[in-house]
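Colleague: I have a few questions about this model. Could you take me through them?

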Amino acid sequence: MAKKISVSKTTKISGNISTKDMRAEDVSTEDIGALDTCRLETYFPTLIYVNKLHNADQLNAQLLADIRAEQQKDQKGIQRSNFTNLGGWHSHNNLHKEKRFAEMANRIRAAAAKISDDCDYDPKYQLDIGTMWSIINSPGSFNRSHIHPGCLWSGVYYVQAPENSGQIEFTEPRTQHLMDQAKFNPNKKRPKQCWTKVRFKPEPGKLIIFPSWLYHSVEPNFANEEGEGASDRIIISFNLSQYKK
Ligand SMILES: [Fe+2]
């Protein structure tokens, strides 16, 4: 017959007393849980790959010259819905087909190959660039929240990113999750798995690759650097799809 005992809230439960022996009103949930096991499993994660390219200074100096040359050639650029009246310059979408952007394209392909491997994609297909373009955001310009339809992965590479030139922000893709919010301990940093947004600081040489369906926006550029064009945030962006090898 089970022995009847009472356990105070501060009493730790030892291994030879089962929860059946306790009166529920006398036992804290912490005490009851002490005998249970729990394994946290993670499903449906949102993968964001953050790469730092080697020899970025050399690569960026060349890219900067090539992007400025492209801007000179095509001053109007192309219009995109998240750009209209927001102050940015957007190149055409086929920079990866131009010889002078070949090195950048190959660096992106190298990062894409790692993702393909990491996700165990079919090796008969190559995760490759479908479109690649450049954006120049001068001070005051920004990008509205948007996604990139028609591809698997999208990315941004920072060629020039002065201080305060605007962080990229990704928002919680599971919108149902935003219907209600738990109250978190105000004295602690919220656990990463409970965040509903994440921002990345732009840094020259940083290459971020994210699912194309993940909503993202870019804060206004508040940089204030000396010299013409020095406050511009300049990026290469691209979309990736799988192509039969
Ligand atoms: Fe985007």
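Colleague: Which residues have the most contacts inside the largest nonpolar core?

Modeller: First, the model is predicted: local features need pLDDT of at least 70, side-chain atom pairs count only at pLDDT 80 or more, and totals for chains, interfaces and linings use all residues. Residues are numbered from 1 along each chain as its sequence is written. A nonpolar core is a set of buried Ala, Val, Leu, Ile, Met, Phe, Trp, Tyr and Cys residues joined through C-beta atoms within 7 Å. The largest one has 32 residues, and those with the most contacts inside it are Val159, Ile235 and Ile236.

Colleague: Which element gives the largest share of this core?

Modeller: Strands are DSSP runs of E, at least two residues, and helices are runs of H or I, at least four, numbered from the N terminus. Elements giving two or more residues include α2 (56-73), α3 (102-118) and β10 (233-244). The largest share, six residues, comes from β3.

Colleague: How many bridges join β3 to β10?

Modeller: Two strands pair if DSSP finds at least two bridges between them. β3 and β10 run antiparallel, and Asn137 stands opposite Arg233 in β10. The number of bridges joining β3 to β10 is twelve.

Colleague: Is Cys151 buried, partly exposed or exposed?

Modeller: Cys151 sits in the loop between β4 (143-146) and β5 (153-160). Buried means 20 or more other C-beta atoms within 10 Å of the residue's own, exposed means 12 or fewer, and partly exposed is in between, with C-beta atoms placed from the backbone. Cys151 has 19 within 10 Å, so Cys151 is partly exposed.
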